[in-house]
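Keep the structure open while reading.

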Amino acid sequence: PVSTWNLWIGAIVGGIPPLMGWAAATGGLHGGALVMGYILFGWQIPHFMSLAFLCRDDFQRANFAIHAVRDPKYAARLSLRYSQSMFGLGVVAPVLGMTSWWFLPAA
């Protein structure tokens, strides 16, 4: 990969299956589909950043354009930002009727 856009392109592709499954099961896209899609999209950023940071020497030798190699501090901030964005989903899921309120303390 020659661009750091590979991170977001991969995350978008990873977030699409729940949208497809929701649409197939319900006949449309509703708030729950967006929550599920964002969970997979948003989770992939900190997940990949942590792995990329651990393997950054390998990525650098392979000349991959990733944030963990080009700007590790930005990679850490990005990972933290997306991790924090996931907290609100613990409230949104029961509000939308996707789960019970017992989900909130577990999330």
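## A charge over a ring

Arg56 places its charged end over the ring of Phe53, 3.8 Å from the ring centre. This geometry comes from a predicted model.

Both residues also meet Ala68. Setting aside neighbours within four places in sequence, Ala68 is in contact with Ala52, Phe53, Arg56 and Ala75. Ala68 belongs to helix H4. Its relative accessibility is 1%, so Ala68 counts as buried, the cut-off being under 20%. Gly42 lies 26 residues from Ala68 along the chain, and their C-alpha atoms are separated by 17 Å.

## Aromatic pairs

The structure holds 5 aromatic pairs. One of them joins Phe41 and Tyr82, whose ring centres are 5.9 Å apart. Their planes meet at 70 degrees, so this pair is edge-to-face; the cut-off for that class is over 60. Phe41 sits in helix H2 (residues 31–54) and Tyr82 in helix H5 (residues 72–85), so the pair ties together parts 41 residues apart in sequence.

Phe59 and Phe64 form another pair, with ring centres 5.6 Å apart. Their planes are at 50 degrees, so the pair is tilted. Phe59 is buried, with a relative accessible area of 19%. Phe64 is partly exposed, at 33%. Ring pairs also link Tyr38, Phe41 and Tyr82 into a cluster.

## Helix H5

H5 has 14 residues, which should span 20 Å at 1.5 Å a residue. Its end C-alpha atoms are 20 Å apart, in agreement with that value.

Which residues of H5 are buried? They are Ala75, Leu78, Ser79 and Tyr82. Viewed down the helix axis, the buried residues of H5 fall within an arc of 100 degrees, so they line one face of the helix. An α-helix has 3.6 residues a turn, so residues three or four places apart point the same way. The buried residues of H5 pack against helix H1 (6–26), H2 and helix H4 (67–70).

## Helix H1

H1 has 21 residues. From its first C-alpha to its last, H1 reaches 31 Å, close to the 30 Å expected at 1.5 Å a residue. After H1 comes Gly27, with a positive phi near 85 degrees.

The buried residues of H1 are Leu7, Trp8, Ala11, Gly14, Gly15 and Pro18. Their packing partners are H2, H4 and H5.

## The nonpolar core

What makes up the largest nonpolar core? It has 9 residues in all: Leu7, Trp8, Ala11, Phe41, Ile45, Met49, Ala75, Leu78 and Tyr82. H1, H2 and H5 each supply at least two residues of this core.

The earlier details meet here. Phe41 and Tyr82, the edge-to-face pair, are both members of the core.

Technical notes:
Residues are numbered from 1 along each chain as its sequence is written. This is a predicted model: local features need pLDDT of at least 70, side-chain atom pairs count only at pLDDT 80 or more; totals for chains, interfaces and linings use all residues. Side-chain values use heavy atoms; hydrogens and water are left out. Rings of Phe, Tyr and Trp (its six-membered ring) pair if their centres lie within 6.5 Å; planes under 30 degrees apart count as stacked, over 60 as edge-to-face and the rest as tilted. Helices (H or I, at least four residues) and strands (E, at least two) are DSSP runs, numbered from the N terminus. Buried means under 20% relative accessible area, exposed over 50%, partly exposed in between (1.4 Å probe, protein chains only). A charge sits over a ring if NZ of Lys or CZ of Arg is within 6 Å of the ring centre and within 35 degrees of the ring normal. The expected span of a helix is 1.5 Å times one less than its number of residues. The arc is that of the directions from the helix axis to the C-beta atoms. Contact means heavy atoms within 4.5 Å. A nonpolar core is a set of buried Ala, Val, Leu, Ile, Met, Phe, Trp, Tyr and Cys residues joined through side-chain atoms within 4.5 Å.
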